[in-house]
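This report describes the charged pairs, the sheet and selected residues of one protein structure. The structure is shown first, and the account follows it.

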Amino acid sequence: NQETFDKNILSAAHKSLPLNTYLLVTNLENGRKTIVRVNDRGPYIPGRELDLSEAAAKLIGSYSRGVVSVQYEVLESA
């Protein structure tokens, strides 16, 4: 969407959801949740649906782990 990437905001990349869609993301390993806005496309690695910003990953406790299982729910679609 031409937005400059900022690792410090709560954002995510998704291949097909409309940009500016808000998601509730839950880390299935620890139950921690955050709300993010889809502002980018990707990830382009087979088997992955969502890529979180550093800030979002830290909030749900996945930053130091890298890849974790999450569940996401669309809260508001653009």
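Helix 1 contains both Glu54 and Lys58, which are four residues apart, about one turn of the helix. In this predicted model, the side chains of these two residues, Glu54 and Lys58, form a salt bridge with an N to O distance of 3.0 Å. Lys58 has 45% relative accessibility and therefore counts as partly exposed. Glu54, by contrast, has a relative accessibility of 18% and counts as buried, because the limit for that class is under 20%.

Glu54 also takes part in a salt bridge with Lys7, at 3.8 Å from N to O. This pair connects distant parts of the chain: Lys7 belongs to the segment before strand 1 (11–14), Glu54 belongs to helix 1 (residues 54–59), and 47 residues separate them. Lys7 is partly exposed, at 40% relative accessibility. Through shared partners, the salt bridges join Lys7, Glu54 and Lys58 into one network.

How many salt bridges does a search of the whole structure find? The search finds three, and they are listed below.

| Salt bridge | N to O distance |
|---|---|
| Lys7 and Glu54 | 3.8 Å |
| Glu54 and Lys58 | 3.0 Å |
| Arg65 and Glu29 | 2.1 Å |

Side chains of opposite charge can pair when their charged atoms come close. In the salt bridge of Arg65 with Glu29, the closest N and O atoms are 2.1 Å apart. Arg65 is found in the loop between helix 1 and strand 5 (70–76), while Glu29 is found in the loop between strand 2 (22–27) and strand 3 (33–40), so this pair ties together parts of the chain 36 residues apart in sequence. Glu29 has a relative accessible area of 46% and is partly exposed.

Five of them make up an open sheet, in the order 4-1-3-2-5, with mixed pairing. From one strand to the next, the twist averages 40 degrees.

Strands of a sheet pair through backbone hydrogen bonds, either parallel or antiparallel. For strand 1 and strand 4 the sense is antiparallel, and the pairing extends over three bridges. Ala12 has Leu52, in strand 4, as its bridge partner.

Two residues of strand 2 may be considered in turn. Thr26 lies in this strand and is buried, with a relative accessible area of 15%. Leaving aside residues up to four places away in sequence, Thr26 touches Gly31, Arg32, Lys33, Ser69, Val70 and Gln71.

Tyr22 is likewise placed in strand 2. Its relative accessible area is 33%, so Tyr22 counts as partly exposed. Which residues make the nonpolar surface patch of about 260 Å²? The patch is made by Tyr22, Ile35 and Leu75.

Technical notes. Residues are numbered from 1 along each chain as its sequence is written. This is a predicted model: local features need pLDDT of at least 70, side-chain atom pairs count only at pLDDT 80 or more; totals for chains, interfaces and linings use all residues. Side-chain values use heavy atoms; hydrogens and water are left out. A salt bridge is a side-chain nitrogen of Lys or Arg within 4 Å of a carboxyl oxygen of Asp or Glu. Buried means under 20% relative accessible area, exposed over 50%, partly exposed in between (1.4 Å probe, protein chains only). Patches are made of residues with over 30% relative accessible area and no salt bridge: like charges are joined within 9 Å, nonpolar side chains (Val, Leu, Ile, Met, Phe, Trp, Tyr) within 5 Å. Accessible areas come from the Shrake-Rupley method with a 1.4 Å probe; for residues, only the protein chains shown count as cover. Two strands pair if DSSP finds at least two bridges between them. Axes are lines fitted to C-alpha atoms, for helices over the stretch in contact, and angles run from 0 to 180 degrees between N-to-C directions. Contact means heavy atoms within 4.5 Å.
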